[in-house]
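Here are some questions about how terms are applied to a structure. Each answer sets a value against its definition.

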Amino acid sequence: MLRTQEYILNFGPQHPATHGVFQVILTLDGERIVKAEPVCGYLHRGIEKLAEARTYTQVIPYTDRMDYLAAMLQNWGYVQAVEKLMGIEVPERAEYLRIISGELSRLTSHVLATGVYALDVGGFTGFLLCFREREKMMDLLEELTGSRMTTSYARIGGVADDVTEGWLDKLDKLMDEMPGYIEEYNGLITGNEIFQARTKFIGKLTPETSINYSLSGPVLRASGVNYDLRKAKPYGIYDRFDFEVPLGTNGDCFDRFYCRVLEMEQSVRIIKQAIEQIKEVDGPIIAKVPKVLKPPKGEVYQEIESSKGIIGYYIVSDGTNKPYRMHVRRPSFINLGYLDEMLRGYLVADVVAILGSIDIVLGEVDC
Amino acid sequence: MLENLFVGTTDWLRSLLGGIGFLPTEIAESIVLVVKLVAVLVFILVNALWLVYMERKVAAFMQARIGPNRVGPWGLLQTTADIGKLISKEIIIPKKADKVVFLLAPVLIFMPPLMVFAVLPIGKNMAALDLNIGVFYLLAIASLSTLFFFMGGWASNNKYSLLGAMRTVAQMVSYELPLVLSLLGVIMIVGSLNLSDIIAAQEHTWLIFTQPIAFLIFFIAAVAETNRCPFDLVEGESEIINGPYTEYGGMGFAMFFLAEYANIMVVCAMATIMFLGGWHAPFGLTFIPSWVWFFIKMYVLIFIVMQFRWTYPRIRVDQLMGFGWKVLVPLSLANIFVTGIGMYIYRAIGW
Amino acid sequence: MREITAAPVEEIKQKYAYVTVNDQQTIIVPVDKLMEFMQGIKDEFEFEYLTNLTACDYPEETKLEVVYNLNSICKGYTVMVKTIISRDNPAMPSVFPIWGGANWQEREVYDLLGIVFTGHPNLKRILLDDKFDGYPLRKDYQWESVRE
């Protein structure tokens, strides 16, 4: 009997478009997706379990290894949770340094996301152009933190090191150039007719679904929900800066992509203001914290806005120097939860476009 | 002197063979022909190697980097080194692959560009074979490569390869049509299928000026035919890994890779002949030999194709089909219609 | 840390008599009333965003605590809700019908702590292998080379 037959395509775990080791088992009808089953866990290292056997300070490098593209934001979320648990006041200068390094991390992450998205839809040049600027930022991050990606820069109560001589000027110069570079990305990637045809009205998310499925970050904001923790619940000293939260209207792949581009501009704004303000702030970069950290018995849940979305740390302390339980709310992981429904009915090529627009980091998904 | 470099060489060879005396003319002619075809083969391979290098350099400069610069002067030997590496690699045949077809596909993939180049007049009196129905032959052979892509994709027994192969067939079938229809305008004006006649007809006015729309359609369809970006769905790296070539390694992959460049040469040479006046020198700059002009024109087109690749993202499969059938085919039909009316009016006026 | 508005924990407590509130302003709900309570506070107090769902093992007290962190996007407040289930029979209703975001988070909790969420559409291991034995985030889990 002659009939069409659905077949299964293993998309990943080794696939150039999955940004790591992530598998989607696609049931296809020709090139159209009938069902998609995401399978993650190929990079599961058990960081939550490992943390239970480490002291509070020793956990910091582990947080780097989750979202290694914006490591500082992961550090920041963790130390903020511990600080809240212990009631530590962070010195002002440290807060500024956290903002600067954190926003720089966000920029590197977004620049990479922009470039990789261009690569996902087939434009190789955009990818390499974005890497050009990322390299400059990486150099700056390296000079500040000693490491390009896994920074481990935040400390409980402050940051590890003060800026070196002239570093702020270098950063300032790069931030002056940044709008020009962003314009270049817009010219090459965003404005491209084919790029827009590939991404507009693909993988649409309504605000209701986004909220219901706990999506966060640019994915949530692209569907028009104004929920950026930096504005909604300003942590640290974010209330001192003047910036906007870019929102999308359609909630499609293009909006998610463009939200990131616009967020880069806002990050540049924040960094510029922080550079201005930090020059007047002097003082310690780390609060007086005991050598051995023993937070009081209790639990805490603290969340900050990472580059991928809301990263939350749930920490239970039993009064010893090691966390009794640590759980991380990973934005990439939860943003993926709606993938199946998002992919249905689209073509194989759209899988790449949709997956790329969510901007996942597998280190974070699998934890 | 330079103008007649190759023609002179052929004549010299012919007279040398004739001078031997005891060889019948037919055998002497066929020896000359074999030499001509071997020259074409060498020419294509060398050009393909050069094009790989050129593409990498073009890409590098577009992407703010340097590109190959280690092997040989300015990295010129980079492709040679790459091919050397690929040759020395093991040929891996997947367990469930159809072995004969799997091995045959990369061998045959070079056939269409070679066959096409045999009839292309690359200079004044410089076609290895001057066929009467050149255009017809060209189109027939050029579309053969679909088959070999499909062979490779099917024989690999891999779903990604199969998807890629299916895309090749769909793409080539739907872009063959506008390609042929756009050439129809040219043939109507010239009134001949002979490539030399078509070039001769462009001595004063290149056909790109009388048939601009046909040129655009032809060029777009040609880029699609060669599976180049933005129409590189067949090997869409971020979607279906590498399409039909996924399972190929070593020399099998290299053959597909080089064939891609040979195909680009073919379509750009075709565009040069059909629309850019072939080997005719513009502005009376005849002191530059005709075959040099041919290559300059061809390389300008190739350069544009490369610029496309490093600028545009990849188009989606339904958009590709839609563009082919809804835009290019009607447009090329309209072009034929307008050409016909124009010719009728011209004739009525009596020009 | 500055909160925009404190969550209306007192109001919630008055409305739902069966809940208790501890000194960290965490609401503790008995597990049999969980669904009713969750649906109630989602509708009435606009906790439309489930940020975090996790659990913690307390073997000494033979209990597992399941933690829900709820945010209200329009009101800007946040609340932590807890429920306690027995360690011997770790089964409880899934909040997936209320918040879709619980989908993968419940799977993760099931995977690592072995809590069975009844009513979840696709409760399978998510991070670990399907054949994996045991629940690693439980305190009594022993892995092969124990590091002191």
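The questions below go through the chains, their contacts and some of their elements.

This is a predicted model, in which local features need pLDDT of at least 70 and side-chain atom pairs count only at pLDDT 80 or more, while totals for chains, interfaces and linings use all residues. Residues are numbered from 1 along each chain as its sequence is written, and chains are lettered from A and ligands numbered from 1 in the order in which they are written.

Q: What makes up the secondary structure of chain A?
A: Helices (H or I, at least four residues) and strands (E, at least two) are DSSP runs, numbered from the N terminus. By that definition chain A has 15 helices and 10 strands.

Q: What does the count give for chain B, and what for chain C?
A: Chain B comes to 15 helices and 0 strands. Chain C has 3 helices and 7 strands, in the sequence pattern α-β-β-α-β-β-β-β-α-β.

Q: Why does the radius of gyration of chain A agree with that of a compact globule?
A: The radius is taken over C-alpha atoms, and the globule rule is 2.2 Å times the number of residues to the power 0.38. For 367 residues the rule gives a value near 21 Å, and chain A has 21 Å, so the two agree. The C-alpha trace of chain A spans about 75 × 45 × 35 Å along its principal axes.

Q: Why is helix H1 of chain B called hardly covered?
A: Among the 16 residues of H1(B), the count of buried residues is 0.

Q: How do you know that the span of H1(B) is close to the expected one?
A: The expected span is 1.5 Å times one less than the number of residues. H1(B), residues 5-20, has 16 residues and reaches 23 Å from its first C-alpha to its last, close to the 22 Å expected.

Q: How do you know which chains touch?
A: Two residues are in contact if their C-beta atoms, placed from the backbone, lie within 7 Å. Of the 2 pairs of chains in contact, chains A and C share the most contacts. Chain B and chain C do not touch, and their nearest C-alpha atoms are 25 Å apart.

Q: What makes up the side of chain A that touches chain B?
A: In this pair, 26 residues of chain A are in contact with 24 residues of chain B. H5(A) gives the most to that side of chain A, with 5 residues. For the classes, Ala, Val, Leu, Ile, Met, Phe, Trp, Tyr, Cys and Pro count as nonpolar, Asp, Glu, Lys and Arg as charged, and the others, Gly among them, as polar. The side divides into 17 nonpolar, 5 polar and 4 charged residues.

Q: What makes up the side of chain A that touches chain C?
A: The contact takes 33 residues from chain A and 29 from chain C. S9(A) gives the most to that side of chain A, with 4 residues. By class there are 16 nonpolar, 9 polar and 8 charged residues.

Q: How do you know that S9 and S10 of chain A pair?
A: Two strands pair if DSSP finds at least two bridges between them. S9(A), residues 310-317, is joined to S10(A) by 6 bridges, and the two run antiparallel. The bridge partner of A:Tyr313 in S10(A) is A:Val328.

Q: Why are S8 and S10 of chain A called edge strands?
A: In chain A, 3 strands form an open antiparallel sheet in the order S8-S9-S10. S8(A) and S10(A) are its edge strands, as each pairs on one side only.

How values were computed. Buried ≥ 20, exposed ≤ 12 C-beta atoms within 10 Å, placed from the backbone.
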